[in-house]
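User: I have a structure here that is new to me. Can we go through it together?
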Amino acid sequence: MGNVKISQEIIDAINDPGSIKVLASISRTGELHVVPKGTITVNEEGNIRYYELLEGSQTNKNVTFALWFGRKIAINIITPDRRSYQIKGIPVKSLVAGKEYQKHYERAMELIPDSDLAAVYEIELTDVREESYPVRFAEEARDNPLYIHLDKLAGQA
Amino acid sequence: MSRNSENGWRSKELPYDQVIEKYPEIPPIVALKIDVSRRGIHYTQAALDRVDPDKHHVEPYNYMIGHGKNAAPIGLFLRDGSVICQGDTPDYSKAYRDPYTLDVVDGRLVLTDEEIGKVYEEVTFWDRPDFYDKKTSNGTPMCLVASARPQRITIAPQTKCHFWDTPGEGCKYCALFSAHRSKDDEGEIRDEKWFQDVEETTREALKEKGRYCSFHMTAGSTLSGAEIFDDEVDLYIKTLHAAEKAFKTEKFPVKLVASAFSKKQLQRMYDETAITTYTTDLEVLNPELFKWICPGKSRLVGYEEWKHRLYDAVEIFGRGNVDCGIVGGVETAQPNGFADEDEALAAVLAEAEEMGRHGVSFADCVWNALPGSMFVNQKTPSLEYYVKLALGLAEVRRKNGLKIYTDDYRRCGNHPNTDLARID
């Protein structure tokens, strides 16, 4: 199971309603599925919490599949100022009923009045990295300096 | 010495850890649920001390069985949101296998196997329905009108199963409503006051936001009427009409588990009530064993006619909205059942495949030799058998393009094969 902690900067990015959040998962037959999920946040324990609003959705099936078999899912967060973070984790808990679920059910209706909350997933983090281009460009230059077109290295005539 | 400590059952079958290794396609948590359902659960004092009757769902008696006993939890949540529909087994000395243990370890409520000394999963108790504390305007405690699982409300309009009226004709595995088996006992009285209680209890239950996804009705069979089951149909219709007053839509998710009604009776129920899905239980998918295990059903309806009525129901409710409940594993009951588990599985799945082609889905209950049933001293099959049965039935459903709705992991929760539909 994961126990990776995330910085306050990333927590703020995830909890920012203006951020775009995309969740990638794999079905039981190995099909990829990538969809926006605006209801991804960070809970009090520093784990990802995500409200699944569609019971019959492919993501709901895939995240349950990941929970059952200890598989990872991936999330990408793009902030309003174009920073990008990739987070991977393993779903460890699904709430579909009970008093705790019912609190989230009412919270979901505050966010989206017609919603009918299907599940609340808790995802323990295994990997976190920034994917913003300037950050990745600097990492690439540091880690793989030979991956470069020679014209970029051409001297003055 | 108890029966299970003498018979050496652990050395005769694959344990849980080896079963999930051998069958990597079964989710370990579903296999655990099957094994717990098969073996039962014993609560330690530490676990019982965790029960808060003001917060947790405890029942002063078992609503579906009716024997008086102390208030105790009737089920548990697993961390995938699925449920185990079993309470404490205080005395398991006569059971073939010893049960799992519900204990408190490192402050967490967990399922363990005491002999192996291993903690398997953290669990939580179900929450108490809000309506349990209320009374109807007639003064009836609402917890006597309806019961609940975490996401379904259950009404049992009839607490007597009349197949028991003829000695020896009740289903041999069944403990439901076993408090009302004598010929003179008519079960609970359902007068006009009771129907009013149903309306008020349903209305009160719906005030709890986010709690219920399904309205469930089941009862013992009533054989009387111009046609067999006519009076049972009348009672369900009247009960549903009472509950319908609490809803603003004509149709809502209703799970009815009832006798095998004729096409005319089913059409009437579909046309006159909110009902959306229908389950009728053939129980054991083998005509000869049906005759032995369900003698009343066999004599008064018959295996082929029961099946035919399921097919008729598909014409009315649509493919995937009709389920056949089975008591998975009871086909191995002795002396007449299959002695070989592979032969039993092949026979059951072949029959399921034929019915699946006709649009019937399956709701597989794990057979547990319950006190109150005639099969109380039977030996139920191995975990490996139950896992293969759940996987096989899930494949039948997929192959025939069938959905599962009100018998699924959420609206019912008691069927391992339908839990598997969560990832289809």
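User: Which strands of chain A does helix 1 lie across?
Analyst: This is a predicted model. In chain A, helix 1 (residues 8-15) lies across strand 3, strand 5, strand 6 (84-95) and strand 7 (119-130). Helix 1 of chain A runs at about 150° to strand 3 of chain A.
User: And helix 3 of chain A, which strands does that lie across?
Analyst: Helix 3 of chain A, residues 99-111, lies across strand 4 (48-52), strand 6 and strand 7, at about 130° to strand 6.
User: In what order do the strands of chain A form the sheet?
Analyst: The order is 2-1-5-6-7-4-3, with 7 strands in an open, antiparallel sheet. Strand 2 (32-36) and strand 3 (40-42) of chain A each have a single partner strand, so one side of each has no neighbour in the sheet. On average, neighbouring strands are turned by 30° against each other, direction ignored.
User: How many bridges join strand 1 and strand 5 of chain A?
Analyst: Strand 1 (residues 20-26) and strand 5 (residues 73-78) of chain A pair over 5 bridges, in the antiparallel sense. A:L23 stands opposite A:I75 of strand 5.
User: Switching to chain B. How is that divided?
Analyst: Chain B has domain 1 (3-125) and domain 2 (130-423). In chain B, 26 residues of domain 1 are in contact with 29 residues of domain 2. Helix 3 of chain B gives the most to the domain 1 side of that contact, with 7 residues.
User: How many residues of chain B are in contact with chain A?
Analyst: 16 residues of chain B are in contact with 21 residues of chain A. The chain B side has 5 nonpolar, 3 polar and 8 charged residues.

Definitions and conventions
Residues numbered from 1 in each chain as written. Chains lettered and ligands numbered in written order. Predicted model: local features only at pLDDT ≥ 70, side-chain atom pairs only at ≥ 80, totals over all residues. Contact = placed C-beta atoms within 7 Å. Nonpolar A, V, L, I, M, F, W, Y, C, P; charged D, E, K, R; others polar. Domains from an automatic or database assignment. Helix = DSSP H or I, 4+ residues; strand = E, 2+ residues; numbered from the N terminus. Pairing = 2+ DSSP bridges. Axes fitted to C-alpha atoms, helices over the stretch in contact; angles between N-to-C directions.
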